[in-house]
Amino acid sequence: METVETRTETIHVDPEGIVRCVVKEVASMTEEDARANIAAIWECNGQRPARVLVDARKTHHVTREARAFLAGEETARVQAACALWVSSPVSTLIANFFMGFNRPRYPVRIFSSEADALKWLRDCG
């Protein structure tokens, strides 16, 4: 499987057809970074909507503009469903808080377990 590296993520499709995005330790994800990540997902998945697992455990900051883009129509055409894997209950609270402001136009759930995130994505497929 091809792996694509952007400034903020490592992206590949696993054998089940789930696109896996691992967030790198960077100070901030900008809208430009978000656009590059979504373009990489689209290309990795053969230019069709993807079920996406984002390993967001190393995420430090996502700009307001990036969050708005990730919740928008362009991203909804690329991501059929997105599971966010976070590192702690506090991360879950923060992610839910921000998703309240930027309601994605596709199914998104937050998980503290990779296994639970993958089960949910399989059920979405």
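The model is predicted, so local features require pLDDT of at least 70 and side-chain atom pairs pLDDT 80 or more, while totals for chains, interfaces and linings use all residues. Residues are numbered from 1 along each chain as its sequence is written, and side-chain values use heavy atoms, with hydrogens and water left out.

The secondary structure comprises 5 helices and 6 strands. Both are DSSP runs numbered from the N terminus: helices are H or I with at least four residues, strands are E with at least two. Along the sequence the order is β-β-β-α-β-α-α-β-α-β-α. The chain has 125 residues, of which 45% count as buried. Buried means under 20% relative accessible area, exposed means over 50%, and partly exposed lies in between (1.4 Å probe, protein chains only). Contact means heavy atoms within 4.5 Å. Among contacts between residues at least 6 apart in sequence, 72% join residues at least 24 apart.

Two packed helices are described by the angle between their axes and the distance between the axes. Helix α1 (residues 31-44) packs against helix α2 (residues 64-71) at about 30°, and the axes are 7 Å apart. Helix α1 is therefore roughly parallel to α2. Axes are lines fitted to C-alpha atoms, for helices over the stretch in contact, with angles from 0 to 180 degrees between N-to-C directions. Angles under 35 degrees count as roughly parallel, over 145 as roughly antiparallel, 65 to 115 as roughly perpendicular, and the rest as oblique. From α1, the contact involves E31, A34, R35 and I38; from α2, it involves E65, A66, F69 and L70. These residues divide into 5 nonpolar, no polar and 3 charged. Here Ala, Val, Leu, Ile, Met, Phe, Trp, Tyr, Cys and Pro count as nonpolar, Asp, Glu, Lys and Arg as charged, and the others, Gly among them, as polar.

The ring centres of F111 and W120 lie 5.8 Å apart and the planes meet at 45°, so the pair is tilted. Rings of Phe, Tyr and Trp (its six-membered ring) pair if their centres lie within 6.5 Å; planes under 30 degrees apart are stacked, over 60 edge-to-face, and the rest tilted. F111 is buried at 8% relative accessible area. W120 is also buried, at 16%. F111 belongs to strand β6 (residues 108-111). Beyond residues up to four places away in sequence, F111 touches A83, L84, W85, V86, D116, A117 and W120. The C-alpha atoms of F111 and L84 are 6.0 Å apart, across 27 residues of chain.

W85 also takes part in a charge–ring arrangement: the charged end of R57 sits over the W85 ring, 3.7 Å from its centre. The criterion is NZ of Lys or CZ of Arg within 6 Å of the ring centre and within 35 degrees of the ring normal. D55, in strand β4, is buried at 11% relative accessible area. Leaving aside neighbours within four places in sequence, D55 contacts C21, V22, V23 and W85.

The loop between α1 and β4 contains Q47 and R48. Most residues other than glycine have a negative phi. Q47 has a positive phi, near 55°. Q47 is partly exposed, at 46% relative accessibility. Beyond neighbours within four places in sequence, R48 contacts W42 and V78.
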